[in-house]
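This report takes a two-chain model chain by chain.

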Amino acid sequence: MDNHGTHKPAEQEDAGGRRRVLTFLSAFGLIGSAVLSAFSNFVFIKPRATYGQPSRFHVGKPDDFPSGTKLALEDRRICLVRDGNQFAAVSTTCTHLGCIVSPSDTGYSCPCHGSRYDQDGNVTGGPAPKPLAWYKISMAPNGELEVDKDQEIEPGTYFNV
Amino acid sequence: MSETTEVPKKAKTFDRLRVLPQEVWSSLFRHPLPDSDLGRSQTSFTNFFLHIHPVKVNVHTLKPLYTMGLGLISFFLFVILTVTGILLMFYYVPSVQQAYDRMLDLRGSVAFGTFLRNMHRWGAHLMVAAVFLHMCRVFLTGSYKKPREFNWVLGVVLFLLTLFSSFTGYLLPWDQLAFWAITVGASIAGYAPVVGKEMQFLLLGDTAVGQEALLRFYVLHIAVLPAVMTLMIMVHFWRIRKDGGLSRPEEAALPVAAAEVPKARKFGLQGLVRGQVLNAGNSPEKTVYSWPNLFMAELFVFVFTLAVILVLAMFFDAPLEEPVNVTHPPNPAKAPWYFLGLQELVSYSAFWGGVGIPGLMVAALLIAPYVDRGRKGVGKWFARERLLANTLFVSFALLNVILVIIGTFFRGPNWEFVSPW
């Protein structure tokens, strides 16, 4: 800043270099902390625990559902299907935009945008991009069927009692 | 004043008391109502609420048919929505158990509750429309061109924020329409590439719309979005001034011949304003004092806007559907009208309708001023020089309007085609 004649050009260059490095480091620190704090905000608003329904639940004993049952468990957003000794839990959440499909004679149909599915949940019409999900069923120790909505299985894979 | 005469102490005190109201008044308002040009200039200089205005304004700016006051209408609607929104907050609780009951309370037991909710609802609808029309005006008059490119970008972002504010507000009554419109809307967000599912989860705070989503939408609606919008509106207004006022045709902006402008006048503070639109360069007859011309025009637009809202709120009640039933979507489940064009597109393909095409349209709007760089035809409606740009814009705007009309009137149960008559 003070430009006395005593300063040699080389020294001035050194000072300039030092200043550049310091500027760069400070800018790096400031911008870095800004980015980190923005990122931590996202970490903050992403919930670690949710308060909604549990994704694993019991639906009842196999004998509660006679063969040929096609029962929509509306609160759970699944449809429980029994065919002989085979059980399936088909999702009733439309794969298009998350409306609830209702069981119909030919399968399932969605009221929001007119997607239609067959009995196995395969798309037969409308804008739905993929078939309805099938969830894993297992037998709980107390003899009830347990559905786990965290585990999707291959459509058409039945659980045999 | 300094030449004090011998005055008894008592009389002095009395004098001070006598002039007290006048003193208070003049401390509040530094100048009397203007009766001279100096006074008229001082209104903008000394009043905080008026200081965003220029002292003088180009006569072209005041032509009602040029701007139709659409930007001001949008702003005043924002103000009305803020005021009615804050009042509604006194009675609203963002809880899935209480929200709907609070809506019924607004109707049943809160003084002016229905009226305020009506004002807020119709104000929101009108604001979406006004902001859209304002955007059309700016495009069709070529006002987004240099040096106003960035203000156009701000405007597009403000339009999106307006839509998002409307969308977040829609969930709050917690009725059937609210629940299913937001279920559909959030699922659309889920179709965005890579970050879609994450975004949906962040927005809802859960895998489905529920208490967390209600709280999040509430916070966005009453705090985050209004704060961001206020800031951006301030920058939007500030830039109008810095970009040289409202756009106008070249004839109106042309400085008088150089010989007529004294050299000394060319270097005022106004010289910091970009472009050839300096007041110093304009011949006197092209500008008029903001007081009273501009302020009266603004007052008129405000009173007009408020009157429309009041009349609407008086005669039409904001709808409230059945309380949320998470197991039974209404058939058809429809989003608010301004999203029905989107919903119509979505019924063909969720990705292209919900993300792809809207994304491309927004991107096109954002880069328009940087691509369309011709300098001709600014400040005129439907200028011949801008035939191509205007035709493209009008086509896309009409396409959106038609999609909204189809979605609103021609779609029935299972989103099948129905005839409204």
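A residue is called buried if 20 or more other C-beta atoms lie within 10 Å of its own C-beta atom. By that count, 34% of the 421 residues of chain B are buried. For chain A the share is 26% of 161 residues. The model is predicted. Its scores are ipTM 0.78 and pTM 0.86.

**The two chains**

From the N terminus on, its elements run α-β-β-β-β-β-β-β-β-β-β-β. The radius of gyration of chain A is 31 Å, well over the 15 Å that the globule rule gives for 161 residues, so chain A is more spread out than a compact globule. Its C-alpha atoms fill a box of roughly 100 × 40 × 25 Å along the principal axes.

Chain A is split into domain 1, residues 7–46, and domain 2, residues 56–160. How many Å separate the centres of these two domains of chain A? The answer is 56 Å, taken over C-alpha atoms.

**Confidence in chain B**

The mean pLDDT of chain B is 87. Of its residues, 90% reach 70 or more. Within chain B, confidence is highest in helix α4 (residues 70–89), at a mean of 97. Confidence is lowest in helix α11 (residues 250–253), at a mean of 66. Over residues 255–260 of chain B the pLDDT is below 50. Beyond near neighbours in sequence, that stretch has 6 contacts in the model. Residues 274–279 of chain B also stay under 50. For them the model has 18 contacts beyond four places in sequence.

**Where the chains meet**

The contact between the chains takes 20 residues from chain A and 27 residues from chain B. On the chain A side, 10 residues are nonpolar, 7 are polar and 3 are charged.

**The largest nonpolar core**

The largest nonpolar core has 94 residues. Which of them touch the most other members? They are A:A89, A:C99, B:A178, B:I182 and B:V184. Helix α6 of chain B (residues 113–140) gives the most to this core, with 11 residues.

Leaving aside neighbours within four places in sequence, B:I182 is in contact with B:Y170, B:L171, B:V209 and B:A213.

**A loop residue in chain A**

A:T157 sits in the loop between β10 (145–153) and β11 (159–160) of chain A. Is A:T157 buried or exposed? A:T157 has 11 other C-beta atoms within 10 Å, so it is exposed; the cut-off for exposed is 12 or fewer. A:T157 and A:K136 are 21 residues apart in sequence. In space, their C-alpha atoms are 8.8 Å apart.

Key:
Residues numbered from 1 in each chain as written. Chains lettered and ligands numbered in written order. Predicted model: local features only at pLDDT ≥ 70, side-chain atom pairs only at ≥ 80, totals over all residues. Core = buried A, V, L, I, M, F, W, Y, C linked by C-beta atoms within 7 Å. Helix = DSSP H or I, 4+ residues; strand = E, 2+ residues; numbered from the N terminus. Contact = placed C-beta atoms within 7 Å. Nonpolar A, V, L, I, M, F, W, Y, C, P; charged D, E, K, R; others polar. Domains from an automatic or database assignment. pLDDT = per-residue confidence, 0-100. Rg over C-alpha atoms; globule rule 2.2 N^0.38 Å.
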